[in-house]
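Here is a short report on the fold of one protein chain. It moves from sheets to helices and then to the cores.

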Amino acid sequence: MTQGGISYFGIRHHGPGSAESLVKALQELQPVAVLIEGPVDASPLLPLLASPDMKPPVALLCYPEDDPAATSFWPFAEFSPEYQAALWAVANKAALRFIDLPSAARLAEKAPESPTDTDTAEAEPVEEQGEEATRIQDPIGTLARAAGYEDGESWWSDIIEQNPAPGPIFAAIADAMTTLRDGEGVIGKFEAMREAHMRLEIAAARKEFDGPLAVVCGAWHVPALQAAHTQKSDQALLKGMARRKTMMTFAPWTGPRLALGYGYGAGVVAPGWCKHLWQTRAQGDSSILWLARIASVLRAKGHMISTASLIEAERLARALAAIRERPKPGFEELRDASIAGLFNGEALLWKMVEAELLLGADVGEIPPDTPLAPLIDDLQRNQKTARLKPEALERELSIDLRSESGLFRSTLLHRLNVLGVNWGKLTDTGRSRGTFRERWMLAWQPEYAVQLVENLVYGPTIEKAANGRLVQMIAAAATLDTLAALVQGAITAALSEASAAGLVALEEKAAHSSECLELLASVPPLADIIRYGEARKTETERLAGLLERLIVEGSIALPYAARDLDVQAAAALIGAMRKADEAIRLVEPGEDVVDAWRGGLAAVLDSSRSTALVAGCAAHLLYEAGRLSAEGAADLLAKRLSPGTPVIDAAAFFEGFFSGAGQRLIYDEGLRGAVDAWLASLDEEAFVAHLPLLRRVFSNLDSMERRRLIEAVLGKGASLPAGLTPTPDGGEAWRRHFGLLGKLLSGEPSHG
């Protein structure tokens, strides 16, 4: 719609149909300047969108110099009208500017939604309530309901996105928005400021340029930008506007983050479909090409898709569009037709490819000459060195730490994790930390750019920022085990400053700590460093002495820490005991240190005040270490599970000894006999009451181990004796013939 030499193009952000119509209209108009809704202070960066090395999706990132955490994003996709307008302007040597409020004003606005939520014709914040507010917040939805549609997305797609038309379509959009805004009342102050600022910028451009101007903005704003307002009244609205120095750059964005489902208020339902519409606009029927893409994805996953099935799916999609009174099939009709024709009606199969098709896995790229935030710039350099390309969908990465490239990749990912940028998540950590190989799951998210900006306070490079943040975390660590884990993280990420600070803090904290749980919990992370330090070229001599000291001090504190505990505290302590014992066996410290540890366990076992659960765990660890013989263990069990022992204490000792170690009963006849004698001694009520405990203890046995245990009890080739069927309470008949067998074979919850 043209007014006084100015043409207003009301678009839907990230609408491929809007983008196509806009490019046609600009080509016809040939404006001398293109003015786009966006932060005016970011105008110098706009031409970068046309760089050959700029690959959308990308986002303009703005943040205050004194508060990097308060960041705003303005995303651009290949199919965004604003992006295409920028490309056209640069290619045709037209002036290119943003005209919205400067980014500092937006950062000062305390809106309840995300910063980008107001950059859309579909969701503008308002102060009114009721029907009027609903109409303003969802103008497209209002038009859709008037046309008989259930939602605005389908209406806009049918009228605009899949039916791009030349310039007159923008006049129709402007007329529709004018009708909606007529008599709307007073809009929110911030939105009024935005529109006043855009009007002033348009007026200034009108004075500066001799020739037609093009204004590209959300459709909702067109009536307000065309309305008559005095310059004085607009300037009055902007009086007292916040002034803060901001930093700006472009950051990679991802396809999925353009979706409404990811909380982006100006997003679209299916970014992958929008990209498809844009890229196939000149190739023929987009429906047929979309089905071909679905088939390609399915075939790549090993599914057989015939041409005949594709033909039937295409016919069905057109029939569905006709039934639903749509001009042509949308992605919904093509989805439903594919489920029926290609997936044999199995909607779950569609879920396997839905994200790949509808959301995509695109991650943008930024030109090397873009003025980036230092940490983002450093990350891109490191990514190139590591040959790791960010991708939106998950992919697995296996790293060999013995190679320089593998060690570099691992160090980078660990440093990013320190900064809270979890691009890579270490999987199977139990084994990965203890070998020369790591397995990671990589998936890039756009918010990682924000987190990098937030970490600028710690340093300008990934290494310096990770060092700075970890030093701060070490200084704030309240417990010895937390400190040990931070030191492990520092050494794993090759952060020398944080490692040095952590070791000093760890030694100081250890000198003043007598809390057994903390002491024991600090042993495993330090043991990992010592045992596998060679893989990361780590100096471990200083750590070895500290570790031995922690083991000895934990051993001395253990007998006292094991006394009179409740269930929760006892469970926490035995967890720390088992992990510490495993770590001690891993590093093989001096014999005197090992003796101190075994002595602490023996003291727990000998003390009458030790909690039964902890005593059982101590007995098991001594047994596994060979400090308690098979005969001694059998005698101990016979004593601790004797009828004279309270059932609750006997059950707790039993759980502490056998939890996670039920396989021992397959091979150890003495232990089996002691356990079976205890079970046989229980009365009916006690047996049924403790059946869930017994099942929990042996829950880690697989079917083969269960079979072997049955054979060990009844003899090789034995099966369940005839007539011994499970009773509802799992009771007397079972217990009479080897109580343990009843526990193992009664697998249903209803059996006790």
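Two strands count as paired if DSSP finds at least two bridges between them. The model is predicted. By that pairing rule, β5, β4 and β8 form an open sheet of three strands, in the order β5-β4-β8, with antiparallel pairing. β5 and β8 stand at the edges with a single partner strand each, so one side of each has no neighbour in the sheet. Neighbouring strands here are turned by 20° against each other on average, direction ignored.

**Overall make-up**

The chain has 752 residues, and 53% of them count as buried. It holds 36 helices and eleven strands. Take the contacts between residues at least 6 apart in sequence: 74% of them join residues at least 24 apart.

| Strand pair | Sense | Bridges |
|---|---|---|
| β4 (residues 58-64) and β5 | antiparallel | five bridges |
| β4 and β8 | antiparallel | seven bridges |
| β10 and β11 (residues 437-442) | antiparallel | four bridges |

Single partners can be named. Ala-59 has Pro-75 of β5 as its bridge partner. Cys-62 has Met-248 of β8.

Helix α19 lies across β4, β5 and β8, and runs at about 25° to β4. The buried residues of α19 (residues 447-454) are Tyr-448, Ala-449, Val-450, Leu-452 and Val-453. Their cover includes β4, β5 and β8 (246-252), along with α16 (374-386), α17 and α20 (462-476).

**The β9-β11-β10 sheet**

Another open sheet has three strands in the order β9-β11-β10, with antiparallel pairing. Here β9 (395-400) and β10 (424-427) stand at the edges, each with a single partner strand, so one side of each is left without a neighbour in the sheet. Leu-426 has Trp-440 of β11 as its bridge partner. Helix α17 (residues 404-418) packs on this sheet and touches β9, β10 and β11. The direction of α17 makes about 125° with that of β9.

**A helix pair**

Two packed helices are described by the angle between their axes and the distance between the axes. Helices α29 (residues 630-640) and α30 (residues 647-658) pack at about 150°, with axes 9 Å apart. Angles over 145 degrees count as roughly antiparallel. α29 and α30 are therefore roughly antiparallel to each other. From α29, the contact uses Ala-633, Leu-636, Leu-637 and Arg-640; from α30, Ala-650, Phe-653, Phe-657 and Phe-658. Seven of these contact residues are nonpolar, none is polar and one is charged.

**The cores**

Which residues have the most contacts inside the largest nonpolar core? They are Phe-250 and Met-577, in a core of 168 residues. Helix α28 (residues 612-624) gives the largest share of this core, ten residues. Leaving aside neighbours within four places in sequence, Met-577 is in contact with Leu-520, Leu-558, Trp-597, Leu-601, Val-614, Cys-617, Ala-618 and Leu-621. Another core, of 23 residues, lies apart from the largest one and includes Leu-277, Ala-317, Leu-342 and Leu-357.

Note on methods. Residues numbered from 1 in each chain as written. Predicted model: local features only at pLDDT ≥ 70, side-chain atom pairs only at ≥ 80, totals over all residues. Heavy atoms only, no water. Axes fitted to C-alpha atoms, helices over the stretch in contact; angles between N-to-C directions. Helix = DSSP H or I, 4+ residues; strand = E, 2+ residues; numbered from the N terminus. Parallel < 35°, antiparallel > 145°, perpendicular 65-115°, else oblique. Contact = heavy atoms within 4.5 Å. Nonpolar A, V, L, I, M, F, W, Y, C, P; charged D, E, K, R; others polar. Core = buried A, V, L, I, M, F, W, Y, C linked by side-chain atoms within 4.5 Å. Buried < 20%, exposed > 50% of the residue type's maximum accessible area, 1.4 Å probe, protein only.
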